[in-house]
Amino acid sequence: MFGLFKSSKTNPKIIYCPVKGKSIDLKDVKDDVFSTGMMGKGIAIIPEEGKVYSPCDGEVTMTFPTGHALGIESVKGAEILIHIGIDTVKMNGAGFDIKVQPGQKVKRGELLIEFSIDEIKKAGFPPTTPVIITNPDEFPALKPSEAGDKEVGDVIITL
């Protein structure tokens, strides 16, 4: 499980990158719900591979029947939304394979979802994947990392 991560030590004040790819600032996401901060604060990843891993130790709080998004509450109380692609709910689950259920405890690095970047693009949607803290008011020191190339397990948000 921790083979993808630089260290097996988990810091509850850190949200780790769940998807390999290039991170961008939320304001650059081509969807107003995310770019304006309406959903919360965070970062987005343009994925290079179709696997989402848990960004923290916590509990799965929700999964969408379409498999394109899920929520996790970290042990620190951060409510995290991972949303694969923009408007991908319209794909009705095609190309998504969710591996977890609501109420399931997860460890950092555990596989949560597999998805097809090619199917997302073929359907005409960007695969950009926002990782959002939906309760940012509880974390006044919340700070997303700088944009750039990210590996699974890199620090992307400090609470």
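User: Is Asp97 buried, exposed or partly exposed?
Analyst: In this predicted model, Asp97 has a relative accessibility of 34% and therefore counts as partly exposed.

User: And which residue forms a salt bridge with Asp97?
Analyst: Lys99 does, with the closest N and O atoms 2.7 Å apart, and Lys99 is itself partly exposed at 37% relative accessibility. The pair belongs to a network of salt bridges that links Asp97, Lys99 and Glu114.

User: How many salt bridges are there in the whole structure?
Analyst: A search of the whole structure finds four. Among them is the one between Lys105 and Glu59, whose side chains meet at 2.9 Å, N to O. Lys105 lies in strand 9 (residues 105-106) and Glu59 in strand 5 (residues 58-63), so this pair ties together parts that are 46 residues apart in sequence. Lys105 counts as exposed at 60% relative accessibility, whereas Glu59 is partly exposed at 29%.

User: What about Lys27, which residue does it pair with?
Analyst: Lys27 forms a salt bridge with Asp28, and the closest N and O atoms there are 3.8 Å apart.

User: Switching topic, which residues gather in the patch of negative charge on the surface?
Analyst: Glu48, Glu49, Asp149 and Glu151 gather there. Of these, Asp149 is found in strand 13 (residues 148-150) and counts as exposed, with 64% relative accessibility.

User: Thr129, then: buried or exposed?
Analyst: Thr129, placed in strand 11 (residues 129-133), counts as buried because its relative accessibility is 0%. A polar atom of the Thr129 side chain lies 2.9 Å from the backbone oxygen of Pro127.

Definitions and conventions
Residues are numbered from 1 along each chain as its sequence is written. This is a predicted model: local features need pLDDT of at least 70, side-chain atom pairs count only at pLDDT 80 or more; totals for chains, interfaces and linings use all residues. Side-chain values use heavy atoms; hydrogens and water are left out. Patches are made of residues with over 30% relative accessible area and no salt bridge: like charges are joined within 9 Å, nonpolar side chains (Val, Leu, Ile, Met, Phe, Trp, Tyr) within 5 Å. Accessible areas come from the Shrake-Rupley method with a 1.4 Å probe; for residues, only the protein chains shown count as cover. Lys and Arg count as positive and Asp and Glu as negative; His and the chain ends are not counted. The place of a charge is taken as NZ of Lys, CZ of Arg, CG of Asp or CD of Glu. Helices (H or I, at least four residues) and strands (E, at least two) are DSSP runs, numbered from the N terminus. Buried means under 20% relative accessible area, exposed over 50%, partly exposed in between (1.4 Å probe, protein chains only). A polar contact is a pair of N or O atoms within 3.5 Å; within protein, one must be able to donate a hydrogen and the other to accept it, and residues adjacent in sequence count only if both atoms are side-chain atoms.
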